[in-house]
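Subject: Structure handover and findings

Hello,

Here is the structure we spoke about. Please open it alongside this message.

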Amino acid sequence: MSMRELVVLGTASQAPTRQRNHNGYLLRWDDEVILFDPGEGSQRQMLHTGITATDLTRICVTHFHGDHCLGLPGMIQRLSLDRVPRPVAVHFPAGGAEYFARLRHASSFYETAELAVEPVDADGQRITLGIGTLEARRLRHPIETYGYRLIEPDGCRMLPERLAAYGIAGPDTGRLLRDGHLDRDGRRVTRDEVSVTRPGQRFAFVMDTGLCDGVYALAEHADLLVIESTFLESEAALAAEVGHLTAGQAARVAAESGVRTLVLTHFSQRYADPRRFHDEAREHFPGDLVIAEDLQTVQVPPRRVPSPG
Ligand SMILES: [Zn+2]
């Protein structure tokens, strides 16, 4: 079975703490390994995960505040040091291209790795991947910020016992799958009669934003949602002012959007006890709830149960 999991590199907003590294996240999804928002120390944190620079296929940056991008110089230079043999795609807000250019060449190094730089310059921009679609949505923050979601299309799973009942085998199965029907012994057998829908999975990454339409668009029906909850409701006014979410807001978005596993992260250093995020979120979100810790792995939940075709 293919591997789909989130590996958390760091969970601190703004400044690292003794317990929390700057932000940073890895998503392993079949043959894609995507690094999101590498803050300071991401390269060293990655050493603890079993994932190497050579595994990376893509880097996504939501915006150019330091806790989301200061790890880029080290990570980019590491790609060359390790002679990563294929291009690594990089996505970031197009308005921050100047910051990216500086981070990319922050110091002298022998550059061998190839970056496929594809900035995001429109709300709803879609990038086609082998595993589905990567979509960027504009978020609400003092500088240009995009969240990302990964959408796997629905598939189709053939039911061997139904195929056998209709006497369909071999190349006929492929024909039926391709054409949607097969004429056999004077009767038409449709694909729906011999298969069930295999629901596609979704991952969403929402970082640094006040509440806005983009947050809901990204979170919609996510199997796994990683979302910032910098503050608690006691600081709701401050959160709104500086373009951040509270744990309560993030949890309500997840509940209203049909999210299955909710991962809260990007915590302000003003709160010493992470249970407060859990308790506040739990009031609104009944599903699988994770208050992220550094170096934690979170599995994408198993596929939703297929519906009969
Ligand atoms: Zn920010």
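Below are the findings, grouped by topic.

First, the ground rules. This is a predicted model, so local features need pLDDT of at least 70, side-chain atom pairs count only at pLDDT 80 or more, and totals for chains, interfaces and linings use all residues. Residues are numbered from 1 along each chain as its sequence is written, and side-chain values use heavy atoms, with hydrogens and water left out.

Metal site

The zinc ion has four protein ligands: H63 (NE2), H65 (ND1), H141 (NE2) and D208 (OD), at 2.1 to 2.4 Å. Donors here are N, O and S atoms within 2.8 Å of the metal (3.2 Å for Na, K and Ca); water is not among the atoms, so sites may look incomplete. The spacing of the donor residues in sequence is H-x1-H-x75-H-x66-D. The angles run from 86 to 173°, which makes the arrangement irregular. For reference, four donors are tetrahedral if all angles lie between 85 and 135 degrees; four are square planar and six octahedral if opposite donors are over 155 degrees apart and all others between 65 and 115; anything else is irregular. H63 is buried, at 0% relative accessibility. H65 is partly exposed, at 29%. Buried means under 20% relative accessible area, exposed over 50%, and partly exposed in between (1.4 Å probe, protein chains only).

Salt bridges

The structure holds 22 salt bridges. The criterion is a side-chain nitrogen of Lys or Arg within 4 Å of a carboxyl oxygen of Asp or Glu. One network links R4, D30, E152, R198 and R303.

- R4 to D30: the closest N and O atoms are 2.7 Å apart. R4 sits in strand β1 (residues 4-10) and D30 in the loop between β2 (24-29) and β3 (32-36), so the pair ties together parts that are 26 residues apart in sequence. R4 is buried, with a relative accessible area of 9%. D30 is partly exposed, at 29%.
- R4 to E152: the closest N and O atoms are 3.0 Å apart. E152 is in the loop between β9 (146-151) and β10 (155-158), 148 residues from R4. E152 is buried too, at 8% relative accessibility.
- E152 to R198: the N to O distance is 3.6 Å. R198 lies in strand β13 (residues 195-198), so this pair joins parts that are 46 residues apart in sequence. R198 is partly exposed, with a relative accessible area of 30%.

Helices and strands are DSSP runs (H or I, at least four residues, for helices; E, at least two, for strands), numbered from the N terminus.

A buried charge without a partner

Look at E280, in helix α9 (residues 275-282). E280 is buried yet has no salt bridge. The nearest side chain of opposite charge, R252, is 6.6 Å away. Lys and Arg count as positive and Asp and Glu as negative; His and the chain ends are not counted. Leaving aside neighbours within four places in sequence, E280 is in contact (heavy atoms within 4.5 Å) with L232, E233, T246, A247 and G248.

Aromatic pairs

A search of the whole structure finds 9 aromatic pairs. F36 and F203 have ring centres 5.7 Å apart and planes at 45°, so the pair is tilted. F36 lies in strand β3 and F203 in strand β14 (residues 202-206), so the pair ties together parts that are 167 residues apart in sequence. Rings of Phe, Tyr and Trp (its six-membered ring) pair if their centres lie within 6.5 Å; planes under 30 degrees apart are stacked, over 60 edge-to-face, and the rest tilted. F36 is buried, at 1% relative accessibility. F203 is buried as well, at 2%. Ring pairs link Y25, F36, Y148, F203 and F205 into a cluster.

Helix α8 (residues 247-256) is mostly covered, with 7 of its 10 residues buried. Among the buried ones are A247, G248 and Q249. The cover includes α6 (213-219), β15 (224-228), β16 (261-265) and α9. G258 follows α8, with a positive phi near 70°.

In helix α2 (residues 72-81), the buried residues include L72, P73 and M75. Their cover includes β3, α1 (42-47) and β4 (58-60). R83 follows α2, with a positive phi near 55°.

Best wishes
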